[in-house]
Amino acid sequence: VCSMGNSTSRLYSALAKTLSSGAVSQHQECLEQPDSAQLDRIDPKDLLEQCQIVLQKRPPRFHRNFVDLRKNAASNQRPIRVMQWNILAQALGEGKDNFVQCPMEALKWEERKCLILEEILEYKPDILCLQEVDHYFDTFEPLLSRLGYQCTFFPKPWSPCLDVEQNNGPDGCALFFLKDRFELVNSANIRLTAMKLKTNQVAIAQTLKCNETGRLLCIAVTHLKARTGWERFRSAQGCDLLQNLESITQGAKIPLIICGDFNAEPTEEVYREFSNSSLNLNSAYKLLSPDGQSEPPYTTWKIRPSGECRHTLDYIWYSQHALNVNSALGLLTEEQIGPNRLPSFNYPSDHLSLVCDFSFSQDPDRLL
């Protein structure tokens with residue numbers, strides 16, 4: 001075991017506390033005590049090292065390469081890295097999702113959270129959008145705020161996590177951005193509606209000002225209704241989100257990025273609504289295909305008692321008139337994922353993370 005100095009020892013202590021805490025009764029205490037905002041910044045390299053110590057008995061993690069998608073000469077702008085990820089709520093992974101090929105040992109929060117943090121630390125997103133977050137107050141907010149992120153969480157009103165014994169509270173969407181890169185202009189927590197009824201699905205939309213360019217950027221994160229048979233419901237939720245974003249972006253005058261688990265294949269109506277929206281959106285991961293028109297074959301792959309589930313459900317949408325996609329992180333291959341699929345000892349979620357580097361277009365005022 002390596003010798004740890006005082007700062008690293010304090011960091012390990014902080015990490016250990018996030019590993020052991022989990023009672024719902026602690027949530028209000030976390031809200032009332034702004035300790036994380038007053039704590040010292042932590043070095044991401046130190047946190048990564050501590051995660052790797054926890055994970056030393058796990059198999060090596062997968063390596064994924066970025067694919068360069070730039071069509072023009074390199075821009076002088078520093079790219080904006082955006083990460084989208086449904087991280088799998090701990091209560092659902094252990095209590096409801098029935099991953100029949102995944103050993104319960106692989107789902108232990110003490111190690112699985114370090115796999116999640118390791119992936120975030122490896123890709124170093126400027127903006128991070130997460131779904132199924134049920135350890136926000138005791139893990140992600142305390143640690144990511146000390147890494148320099150501003151953190152926002154919006155839980156589902158009737159989270160299914162609350163049906164699981166010894167849960168850690170409701171899951172929801174979370175949005176994080178680096179404060180040294182952006183300034184928050186405004187923020188909206190949106191409870192999505194369908195057929196004029198409020199639903200259990202939510203979104204966060206924030207308008208940020210880029211500190212380097214002075215330009216505005218709207219970033220949104222959402223998680224639409226799951227399951228077959230709810231296609232019209234998802235379509236209605238998507239329409240509601242688009243209407244909200246139309247207003248927030250002043251009719252697409254503000255560039256927009258939408259991250260989410262849409263629980264919808266590209267064949268669904270909600271996908272077509274986003275593709276044909278007046279906001280002039282495109283799906284970033286289509287650009288990885290040879291023709292630039294096809295989504296990846298999967299973003300989630302798991303085995304449940306009903307059989308194998310391999311679907312494309314996760315997307316990063318962007319304003320194609322105002323933003324360029326410089327690169328995108330390649331997905332895991334079937335061989336890397338392995339016969340037992342996801343989650344696993346190598347990978348913490350049943351969904352793959354999506355990561356893109358964006359830059360502002362040089363000619364943002366051209367026609368939508």
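This is a predicted model: local features need pLDDT of at least 70, side-chain atom pairs count only at pLDDT 80 or more; totals for chains, interfaces and linings use all residues.
Entry 1: I started with S9, which spans residues 256–261. I asked how many of its residues are buried. The count is six of six, so I call a residue buried here when its relative accessible area is under 20%.

**Entry 2: the two faces.** Next I looked up which way the residues of S9 point. Leu 256, Ile 258 and Gly 260 point one way. Ile 257, Cys 259 and Asp 261 point the other way. Both sets are buried.

**Entry 3: the neighbours.** I then checked the pairing of S9. Strand S8, residues 216–223, runs parallel to S9 over six bridges. His 223 has Asp 261 of S9 as its bridge partner. With helix H8, residues 231–248, these two strands form a right-handed β-α-β unit. Strand S13, residues 314–319, pairs with S9 in the antiparallel sense over five bridges. There, Cys 259 stands opposite Ile 316 of S13.

Entry 4: Where do Ile 257 and Ile 258 belong? I found Ile 257 in the largest nonpolar core, which has 70 residues. Ile 257 is among the residues with the most contacts inside that core, as are Ile 219 and Ile 316. Helix H6, residues 109–123, gives the most to this core, with eight residues. Ile 258 sits in a second, separate core of 23 residues. That second core also includes Ala 203, Leu 242 and Tyr 315. In soluble globular proteins, nonpolar side chains tend to be buried together.

Terms used:
Residues are numbered from 1 along each chain as its sequence is written. Side-chain values use heavy atoms; hydrogens and water are left out. Buried means under 20% relative accessible area, exposed over 50%, partly exposed in between (1.4 Å probe, protein chains only). Helices (H or I, at least four residues) and strands (E, at least two) are DSSP runs, numbered from the N terminus. Two strands pair if DSSP finds at least two bridges between them. A crossover is right-handed if, with the strands pointing away from the viewer, the path from the first strand over the helix to the second runs clockwise. A nonpolar core is a set of buried Ala, Val, Leu, Ile, Met, Phe, Trp, Tyr and Cys residues joined through side-chain atoms within 4.5 Å.
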